Amino acid sequence: MPGRGGTGRPWAGALRGVLLASTTDPRAIQGGFALLVAVDVALRLVGGVRVGLSAPAVAVLAVLVLLAVTLVAHGRMSMRAVEALLVADIAVVGIARLSPEGGSGLLVVLPALWLGRLLGRRGAAVAGVATVALVTVPGLAYTGADGIFLSRSVIIPVVATIAALAIAGGMEQVGQAMETVEHQRRVSEATLDTVDVGLVLLDRDGKYVAINRRHEDFMALAYPGGHAGRAGQVGHVLDADRSTLLPRESMPTYRAAQGEEFDDCRIWAGDDPLTQRALSVSARSVRDEAGRFAGAALAYKDVTDFMRAMEVKDEFVASVSHELRTPLTSIVGYVQMLREDDGLGPRAARQLEVVDRNAQRLLRLITDLLDTAQIDAGPVGMARTPCDLAGLLRDCVDAARPAYRAAGIRLDLTAPPALPMLLDRQRIEQVVDNLLTNAMKYSTSGTEVCVSLAVEDGRAELTVADQGIGISAADRDRLFTRFFRSRDAEDRSIQGVGLGLSITRGIVEAHGGRIEVDSELGVGSTFRVRLPIEVAGAFAG
């Protein structure tokens with residue numbers, strides 16, 4: 001192959017192409033040999049040698065006849081016919097040398113190489129015997145067995161035999177390697193087909209390189225009309241809401257082909273609700289040795305049963321919670337009416353206080369369960385109205401101060417005089433209350449909780465920082481998961497069921513914002529809520 005910055009060897013590429021040609025089509029073999037013979041004669045003519053009707057000329061005619069035979073046969077020749085053709089090529093070299101202007105004996109190397117490639121060690125033996133019988137013996141008979149002619153006549157069959165043996169040994173190793181590769185391929189295919197996960201491998205251009213049998217089942221659902229084998233093809237693929245068709249840019253394969261890595265991307269495959277399957281998709285990039293993107297691997301896990309079980313669970317929770325809240329609201333109302341009765345004795349008043357406290361706690365739990373079910377059912381609906389976020393925050397902090405004082409925790413607030421925005425006031429109050437309640441529950445007497453509100457990069461940033469027990473790194477990743485409670489919270493018997501932060505994140509994200517947490521075990525936690533500032537035009541008036 002031509003080297004960078006050098007002249008290279010053009011014949012090396014041609015020889016490699018000839019050696020890799022089909023063994024059942026000798027046209028490439030014979031064409032290459034005829035070309036080399038013609039070049040040999042042409043170079044001799046350029047050098048001043050007069051060929052005329054000499055042996056080299058007869059050799060050229062013979063090789064052209066052999067080439068014509070292969071062309072007429074259209075490459076369909078038996079192995080024995082190809083073997084005979086290669087022996088005839090060796091004979092052509094022998095004929096060319098029966099003249100003072102004789103051709104190069106090294107030309108026997110090409111047919112010898114092919115005999116070794118086609119027939120292995122037997123081919124090498126055929127090449128050696130044919131070279132001795134058709135090149136060496138006639139040559140010595142013509143020139144005599146003395147001087148340089150003897151050396152050349154002996155070296156030529158040796159070189160031809162060594163070359164044929166070398167290619168035969170190389171082909172044996174290639175064959176063994178190919179058998180090993182083929183065996184490993186069959187083992188890999190069998191292994192992948194037994195895995196209950198759909199697997200896809202993409203190349204750097206997003207073309208499907210391989211899929212397993214499990215994914216073929218998913219493809220049949222999503223693309224009943226067939227698939228083009230490229231990433232991002234749109235079909236019967238729905239978003240996690242089970243109703244929105246995914247556009248090309250949101251397809252997992254398209255995202256993976258752009259180098260994106262992700263986990264648990266939920267989609268539905270199929271257009272029939274009875275046969276649809278829910279899939280959890282994960283993707284990882286494949287990099288070459290230089291770190292460049294070389295493709296992607298995707299795994300599709302069937303989570304249909306899990307998703308349907310979750311739907312049943314959510315419906316059950318929502319139904320039960322709704323049925324419980326109605327009578328519980330009545331109980332809370334009547335308890336409060338009884339507590340306002342001046343005729344109650346001290347003992348009855350204390351008992352009603354306990355009933356009221358626990359009824360309120362149960363009502364908050366049921367409300368949280370209903371909120372969770374609503375968030376799971378889809379995006380949380382927001383009734384946004386003009387609202388002063390700074391004033392809302394002050395109201396929430398003032399309402400929380402008595403509980404903080406009773407717990408011996410200092411509560412500080414830093415906020416601008418006003419921050420007009422479009423918000424669902426009730427929902428944002430719920431966010432602030434959840435954060436303040438959490439900060440107090442996980443703090444100890446004598447510590448401080450700092451609440452601040454500021455504007456950063458066009459977004460409102462609400463921060464609640466405590467000096468409490470903190471959160472371990474292992475727990476932070478699951479902090480906003482439903483029903484999750486940290487090990488420290490359980491060890492300290494801190495009340496709660498682990499729904500507040502999950503609901504808080506749902507409300508914040510429904511406003512187009514995000515919530516983050518920084519925490520260190522034993523030092524404290526800082527929760528940050530960032531909300532886009534949307535101001536109503538009429539709010540200032």
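## Helix 2 and helix 4

Helix 2 and helix 4 are roughly parallel to each other (an angle under 35 degrees), since their axes, as lines fitted to C-alpha atoms over the stretch in contact, cross at roughly 5° and come within 11 Å. This is a predicted model, in which local features need pLDDT of at least 70 and side-chain atom pairs count only at pLDDT 80 or more. Residues are numbered from 1 along each chain, and side-chain values use heavy atoms, without hydrogens or water.

In the contact between these helices (heavy atoms within 4.5 Å), Ile29, Gln30 and Phe33 of helix 2 meet Leu85, Leu86, Asp89, Val92 and Val93 of helix 4. By class, this contact has six nonpolar, one polar and one charged residues.

Counting a side-chain nitrogen of Lys or Arg within 4 Å of a carboxyl oxygen of Asp or Glu as a salt bridge, the model has 20 salt bridges. One of them joins Arg122 to Glu83, with the closest N and O atoms 3.5 Å apart; Arg122 lies in helix 6 and Glu83 in helix 4, so the pair ties together parts that are 39 residues apart in sequence.

## Salt bridges between strands

Arg528 in strand 13 and Asp518 in strand 12 are ten residues apart, and their side chains meet in a salt bridge of 2.5 Å, N to O. Both residues also belong to a network of salt bridges that includes Glu461, Arg514, Glu516 and Arg530.

Note on methods:
Axes fitted to C-alpha atoms, helices over the stretch in contact; angles between N-to-C directions. Helix = DSSP H or I, 4+ residues; strand = E, 2+ residues; numbered from the N terminus. Parallel < 35°, antiparallel > 145°, perpendicular 65-115°, else oblique. Nonpolar A, V, L, I, M, F, W, Y, C, P; charged D, E, K, R; others polar.
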